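Thanks for coming. I have one structure to walk through today, so let me put it on the screen.

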Amino acid sequence: WDGKTYAEIHQSEPEALSAFWSNPYLHTPPQAETLARFNQRVGQAWDQLIQQAPGEQVLLVTHGGVIRQILARILELPEASIASIRRMYLPYGSRCRIEVYVDEQGQPWPRLMFPEVAVENS
């Protein structure tokens with residue numbers, strides 16, 4: 001489906017697209033990576049990034065699918081409900097800020113930061 005619009009996919013494969021939208025874990029697009037494997041790969045990269053850059057500011061540039069998966073991970077969404085975060089619209093050029101506090105035991109505690117919210121020492 002790479003390089004095609006939703007309208008084009010809907011025109012040529014409406015059943016497959018509807019099945020994917022209803023449950024992306026069970027209905028992988030043709031010749032695509034499964035959502036479970038994608039989530040595993042993104043999760044491993046996220047964990048590695050946190051370990052390699054504790055306390056540092058990092059700019060991570062990526063596409064919306066990766067952003068959504070990282071958000072699902074830090075929000076601790078169960079696998080059964082991760083598909084719902086796919087309904088989040090992220091326009092091109094979107095920014096998302098995540099702050100990661102690492103405690104004395106080395107445990108990371110990420111949280112999603114909204115730009116318009118002023119944060120005092122909390």
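How many helices and strands are there in the protein chain? There are five helices and two strands, where helices (H or I, at least four residues) and strands (E, at least two) are DSSP runs, numbered from the N terminus. Read along the sequence, the pattern is α-α-α-α-α-β-β.

Before the details, some ground rules. This is a predicted model, in which local features need pLDDT of at least 70 and side-chain atom pairs count only at pLDDT 80 or more, while totals for chains, interfaces and linings use all residues. Residues are numbered from 1 along each chain as its sequence is written, and side-chain values use heavy atoms, with hydrogens and water left out.

On confidence, pLDDT is the predictor's confidence in each residue, from 0 to 100. The protein chain averages 86, and 92% of the residues score at least 70. Confidence is highest in α1, at a mean of 93, and lowest in α5, at 71. Where pLDDT is low, the predicted coordinates should not be read in detail.

Now the overall dimensions. The C-alpha atoms of the protein chain fill a box of roughly 55 × 30 × 25 Å, taken along the principal axes. The chain has 122 residues, and 23% of them count as buried. Buried means under 20% relative accessible area, exposed means over 50%, and partly exposed is in between, with a 1.4 Å probe and protein chains only.

G3 lies in the segment before α1 and is exposed, with a relative accessible area of 84%. Its C-alpha atom is separated by 30 Å from that of I74, which is 71 residues away along the chain.

The structure also holds two aromatic pairs. Rings of Phe, Tyr and Trp (its six-membered ring) pair if their centres lie within 6.5 Å; planes under 30 degrees apart count as stacked, over 60 as edge-to-face and the rest as tilted. One of the pairs is W1 with F20, an edge-to-face arrangement at 5.9 Å centre to centre, with 85° between the planes. Because W1 lies in the segment before α1 (6–12) and F20 in helix α2 (residues 14–22), this pair ties together parts that are 19 residues apart in sequence. W1 counts as partly exposed at 21% relative accessibility, and F20 counts as partly exposed at 24%.

Next, the loop between α2 and α3. Q31 sits there, and it has a positive phi of about 60° although it is not a glycine. Q31 is exposed, with a relative accessible area of 88%.

That brings us to helix α3, residues 35–52. The expected span of a helix is 1.5 Å times one less than its number of residues. For the 18 residues of α3 that should give 26 Å, and its end C-alpha atoms are 26 Å apart, which agrees. The buried residues in α3 are L35, F38, N39, V42, G43, W46 and I50. They cover an arc of only 130° around the axis, which puts them on the same side of α3; the arc is that of the directions from the helix axis to the C-beta atoms. The face turned away from that buried side carries the exposed residues Q51 and Q52.

Why is helix α4 described as largely enclosed by the rest of the structure? Because 10 of its 11 residues, in the range 64–74, are buried. Among them are G64, V66, I67, R68 and I74. Just after α4 comes E76, with a positive phi of about 55°. E76 lies in the loop between α4 and α5 (79–85) and is exposed, with a relative accessible area of 66%.

Further along, S94 is in the loop between α5 and β1 (97–102). At 29% relative accessibility, S94 counts as partly exposed.

Last item: the second largest pocket. It is lined by 14 residues, of which I50, Q107, P108, W109 and P110 lie nearest its centre. The elements that give two or more residues to its lining are α3, α4 and β2 (108–113). The largest share, four residues, comes from α3. On a 1 Å grid over the protein atoms alone, a pocket is an open set of points where a 1.4 Å probe fits, with protein on both sides within 12 Å along at least five of seven lines; lining residues have an atom within 4 Å of a point.
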